[in-house]
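Please read them with the sequence and the model side by side.

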Amino acid sequence: TTQFSTLVANARRSMACTVSAESTERLKLVLRDLGEVLADLVQSMGVVQKHADAASRRELVQAARRVGGNMASLLQTLQAASRGTQACITAISVIEGHVVDLETAALFASTGTLAADSDENFADVRDELVIGSKDLVDITKQLLQAATGPQEAIGEVVKRSETTYARLAEDIKHAAMAVGAADIEAQTLLLNAGRDVGAALAGLLNLIKIASSSARDDVLLDNLKAET
């Protein structure tokens, strides 16, 4: 009983932080169903203690299975209610990996050892770099718009931001290599710029993660606007 009360209290806090009314209602229904099957389980346990026959034991096993099924439903509901938050956590980790990759490439560039694998020159990759930069600007605007929306919408935009930056980071590396070791300063500036953009995006996603897992907070919204 104590554990279920704690579970209900935690779920209430989750509902208070959930923007989607649909997710909140779904969580209420799952908790109600879980409470009912737990009551059935307790009743079945009492019956078995008094009359441990085959029928009462069978009912106890079935009641335990229903509890297990409802616990699985509760877990799925909670995961769905925090989809945007989880997407932010994943995206931040991926983006930070690309940032480290760009920092490593910049170290190679500073020693004059970052060279192109082919005869590709900067003009060949410049258009991709421009398109990727514009795409990232657009996705950043979408992130701000989605920040206080449903978890599903946040998750979708965050995933696109992760993919967009990953592609841009690769384009930046190719561009730096295409510049060639003859212009170390240009290579380093390009790679460091890509690193800084990634760090800023990770910071923005961290703010969105906090905002999406908390009740509406005007201070957080102001911070998000400042980041963009």
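The points below go from the whole chain to single residues.

1. The model is a predicted one, and in it the protein has eight helices and zero strands. Read from the N terminus on, the order of elements is therefore α-α-α-α-α-α-α-α.

2. Of the 228 residues of the protein, 37% count as buried. The protein exposes about 12,800 Å², and 55% of that area is supplied by carbon and sulfur atoms.

3. A separate case of sequence distance and spatial distance is the pair Val-100 and Arg-195, which are 95 residues apart along the chain, while their C-alpha atoms are separated by 7.7 Å.

4. Val-100 itself belongs to helix H4, which covers residues 83-110. Its relative accessible area is 46%, and because this value falls between the 20% and 50% cut-offs, Val-100 is classed as partly exposed.

5. Which residues form the negative surface patch that includes Asp-124? Glu-120, Asp-124, Asp-127 and Glu-128 form this patch, and one of them, Asp-124, has its place in helix H5, residues 122-146.

Methods: Residues are numbered from 1 along each chain as its sequence is written. This is a predicted model: local features need pLDDT of at least 70, side-chain atom pairs count only at pLDDT 80 or more; totals for chains, interfaces and linings use all residues. Side-chain values use heavy atoms; hydrogens and water are left out. Helices (H or I, at least four residues) and strands (E, at least two) are DSSP runs, numbered from the N terminus. Buried means under 20% relative accessible area, exposed over 50%, partly exposed in between (1.4 Å probe, protein chains only). Patches are made of residues with over 30% relative accessible area and no salt bridge: like charges are joined within 9 Å, nonpolar side chains (Val, Leu, Ile, Met, Phe, Trp, Tyr) within 5 Å. Accessible areas come from the Shrake-Rupley method with a 1.4 Å probe; for residues, only the protein chains shown count as cover. A salt bridge is a side-chain nitrogen of Lys or Arg within 4 Å of a carboxyl oxygen of Asp or Glu. Lys and Arg count as positive and Asp and Glu as negative; His and the chain ends are not counted. The place of a charge is taken as NZ of Lys, CZ of Arg, CG of Asp or CD of Glu.
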